[in-house]
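Morning, everyone. I'll start with the overall fold and then go to one residue. Please have a look at the screen.

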Amino acid sequence: MRTRIEVIEADITSLSVDAVVNAANSTLLGGGGVDGAIHRAAGRRLREECSALGGFRTGDAKVTSGHDLRARWVIHTVGPVWKGGEAGEAVLLASCYRRCFEIAAERQLTSIAFPAISAGAYGYPLQEATRIAAVQTRNHLGRGSDLDRIVFACFGEEVRGMYLATFEGVFGPDLFSTDTPGTA
């Protein structure tokens, strides 16, 4: 089996995948950006379920139901706030991806969609954030995976362009798809 990697410009809340990844804050109770969009689209039951989980630390991940989303699950992960690169941010961001892939494997998921974790309001430099995403994806696939489809849902053409360039550099030009809408 060959995993299909898609880099698309899309609203992550509209995707038909087993799980969407939420770039959450440590309270899990919603916020701005992707976190707020996922909470709004999933409905109030997501907030209720998240409040029962308590918070969690940067670099970790927890899973909830997708509630009103097309995705069955939401994997919440807290990425690091960029502090100049000297506060362990790269290790923490890599941990976010590893934990999400671990949860996907535990639940035997076949498809997952990621946003650009930490690259928005948390200020992580986009090029470095996409490199970490690509390397962690390559590492996960190298260990074997049940995932048929990994989607990187980009907010805007600049983000998509950076993902395309970075993933091509890490994987080569033939591994991933750039023109699949991902909403089927």
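Helices here are DSSP runs of H or I with at least four residues, strands are runs of E with at least two, and both are numbered from the N terminus. Read along the sequence, the pattern is β-β-α-α-β-β-α-β-α-β-α-β. That comes to five helices and seven strands.

Some ground rules. This is a predicted model: local features need pLDDT of at least 70, side-chain atom pairs count only at pLDDT 80 or more, and totals for chains, interfaces and linings use all residues. Residues are numbered from 1 along each chain as its sequence is written, and side-chain values use heavy atoms, with hydrogens and water left out.

Now the fold as a whole. The C-alpha trace spans about 45 × 40 × 30 Å along its principal axes. Of the 184 residues, 49% count as buried, meaning under 20% relative accessible area with a 1.4 Å probe, protein chains only.

On to His-76. Where does His-76 sit? The place is strand 4, residues 73–77. Is His-76 buried or exposed? His-76 counts as buried, because its relative accessibility is 0%.

What joins the side chains of His-76 and Thr-64? A polar contact of 2.8 Å. That term means a pair of N or O atoms within 3.5 Å; within protein, one must be able to donate a hydrogen and the other to accept it, and residues adjacent in sequence count only if both atoms are side-chain atoms.

Leaving out residues up to four places away in sequence, His-76 touches Thr-64 and others, including Asn-22, Leu-46, Cys-50, Phe-56 and Asp-60. Contact means heavy atoms within 4.5 Å.

Definitions and conventions
Buried means under 20% relative accessible area, exposed over 50%, partly exposed in between (1.4 Å probe, protein chains only).
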